[in-house]
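I opened the model to look up how the ligand is held. My entries follow.

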Amino acid sequence: METKLLRANERAIECAAGLIRAGEVVGFPTETVYGLGANALDGKAVLKIFAAKGRPADNPLIVHISALDEIAPLISGDLPESARRLAAAYWPGPMTLILKKSALIPDEVSAGLDTVGIRMPSNPVARALIKASGCPIAAPSANRSGRPSPTCAQDVFEDMDGRVPMILDGGECDIGLESTVISLADERARILRPGGITPEMIECVLGGVDVDPTALKPLAEGQIARSPGMKYRHYAPKGKLILIDGAPENVKAALRARYAEEEARGHKVCLLLPESMIPDFPNARAYSLGGDLSEASHRVFAALRQLDRDEIEVAFCQTFDTRGIGLALMNRLDRAAGFTIEKV
Ligand code: TXA
Ligand code: MG
């Protein structure tokens, strides 16, 4: 199959919507990461997403809507008060709400669960595409399963060339990390995957929220994943990624020592560093993650993909503060590193 990469103007969006209506799969931008979309009410179309990604069938998809009144047919019963308040505060935006699903949601979308994840994205191309398609759009991140999520159209093309008929190019994603997934299926709200809407922001609206322990820890042996996606190896570069955790001066010294050690072993090595640390390593290969947590979040997936393009065998990165969006950043870094963390 030939994959068209089109700048997301009105005509291209209309064309992509035609493909969605015809049961095909299209790559498109959102404010978080690029998605791989299909008609969420068409189980056969949704199966094509799983095939294009190589995604395990037991990992459910998020359903994207463009207006709040599109939600009622997708869920069973009334929208809970907690959902209403969160939606009013943070939709459109990087937040997915897990709710009891209606019979309209095919099993292919919910992977056999009795719940469905729903999100109203803020990216104008994503919103125009949903509107023009005339149906909710099921979309996971547009990477091949296991790879870092795509934050520009070129990343999607790298993974999906020949696998989907069209990718809409809407430039770089604003946030760069996937949405916050919040389960409202039980009594108390629970963050299953941290993202752009931080625990602090949710607490502000609901008064309290639990953060699933898998946010910063691997799933324990035998533990059931509340969010099936959390049990898979994820976001990982082809080489090794090692996180260094400790006081700033210790981290700097360890980065220097470990870099030299791996280089002496004949490995191609790279550092992922905050901008302010770049001058401290004039002779090392290093990518900048920018000046603060939100820049690091914006750049981290692109950096992980760059490691692969440069065929890096071992990369080192410091850990980050887990306040605010730092929790989402560390959740992705922990998984990209397979939880390999050296304490110094
Ligand atoms: O920002 C995002 O959320 C992006 C853009 C494209 O919207 N989408 C995205 O989808 O990241 P995906 O499929 O890569 O990740 C969805 C996560 C997975 O960890 C999945 O297991 C979880 O959400 N999830 C989806 N539906 C669920 C459900 N009903 N119950 C529990 N977890 C669910
Ligand atoms: Mg994903």
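I began with the shell around ligand 1: E6 gives the most to it, with 4 residues. Strands here are DSSP runs (E, at least two residues), helices likewise (H or I, at least four), numbered from the N terminus. I then noted that strand E4 (62-64), strand E6 (115-119) and strand E10 (190-193) each supply at least two shell residues.

This is a predicted model: local features need pLDDT of at least 70, side-chain atom pairs count only at pLDDT 80 or more, and totals for chains, interfaces and linings use all residues. Residues are numbered from 1 along each chain as its sequence is written, chains are lettered from A and ligands numbered from 1 in the order written, and side-chain values use heavy atoms, without hydrogens and water.

I looked up the nearest residues. Around ligand 1 there are 27 residues, and Thr 32, Asn 59, His 64, Ser 179 and Gly 229 come nearest. A residue is near if one of its heavy atoms lies within 4 Å.

Next I checked polar contacts to ligand 1 (pairs of N or O atoms within 3.5 Å). A polar side-chain atom of Thr 32 lies 2.6 Å from a ligand oxygen atom. For Ser 141 the distance from a polar side-chain atom to an oxygen atom of ligand 1 is 2.9 Å. Arg 193 also places a polar side-chain atom 2.9 Å from an oxygen atom of ligand 1. Alone, ligand 1 exposes 680 Å², and the protein buries 98% of that; areas come from the Shrake-Rupley method with a 1.4 Å probe.

Last, I took the whole chain. I found 10 helices and 16 strands. The C-alpha trace spans about 60 × 50 × 35 Å along its principal axes.

Note on methods
A polar contact is a pair of N or O atoms within 3.5 Å; within protein, one must be able to donate a hydrogen and the other to accept it, and residues adjacent in sequence count only if both atoms are side-chain atoms.
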